[in-house]
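Trainee: I would like to learn how to read strand pairing and salt bridges in a model. Could you take me through a case?

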Amino acid sequence: TAVRLDAIVTGVSKAATYVRLLRPPAEGRVVRRHEGMDVGDRVRGKLVKTDPEKGWIDLEGDGGGNGKS
């Protein structure tokens, strides 16, 4: 079963989309399906990769933002 996490988009650039996870509170990056996301959007993503040594969390987005927080 895939782990799904709720987040708020905190930054968008050509290179990446960054999010703040709500639970657990952490910073992450959306690496797939981030089109249409904008700063302030509440999104849901599937956990695809972690790197505890570097403190990275990568998510696959749900296909776009679903509204401002």
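Mentor: We start with the ground rules, then take the strands, then the charged pairs.

Mentor: This is a predicted model: local features need pLDDT of at least 70, side-chain atom pairs count only at pLDDT 80 or more, and totals for chains, interfaces and linings use all residues. Residues are numbered from 1 along each chain as its sequence is written, and side-chain values use heavy atoms, with hydrogens and water left out.

Trainee: What makes two strands pair?

Mentor: DSSP must find at least two bridges between them. Strands are DSSP runs of E, at least two residues, numbered from the N terminus. Here S1 (residues 4-12) and S4 (residues 42-51) run antiparallel, joined by 5 bridges. Ile-8 has Arg-42 in S4 as its bridge partner.

Trainee: Which way does S4 pair with S5, and over how many bridges?

Mentor: Antiparallel, over 6 bridges, with S5 covering residues 56-61. Leu-47 stands opposite Leu-59 in S5. S4 and S5 form a hairpin with 4 residues between them. Gly-55, in the turn, has a positive phi of about 75°.

Trainee: Now the charges. What counts as a salt bridge?

Mentor: The general idea: side chains of opposite charge can pair when their charged atoms come close. The cut-off: a side-chain nitrogen of Lys or Arg within 4 Å of a carboxyl oxygen of Asp or Glu. This structure holds 4 of them. One of them joins Arg-44 to Asp-6, at 2.7 Å from N to O. That pair links distant parts of the chain, with Arg-44 in strand S4 and Asp-6 in strand S1, 38 residues apart.

Trainee: Which residue forms a salt bridge with Asp-58?

Mentor: Arg-29, with the closest N and O atoms 3.3 Å apart. Arg-29 sits in strand S3 (residues 26-32) and Asp-58 in strand S5, 29 residues apart. Arg-29 is partly exposed at 32%. Asp-58 counts as buried because its relative accessibility is 9%.

Trainee: And where does Glu-60 find its partner?

Mentor: At Arg-32: their side chains meet in a salt bridge of 3.3 Å, N to O. Glu-60 lies in strand S5 and Arg-32 in strand S3, 28 residues apart. Glu-60 is buried, with a relative accessible area of 16%. Arg-32, at 42%, is partly exposed.

Terms used. Buried means under 20% relative accessible area, exposed over 50%, partly exposed in between (1.4 Å probe, protein chains only).
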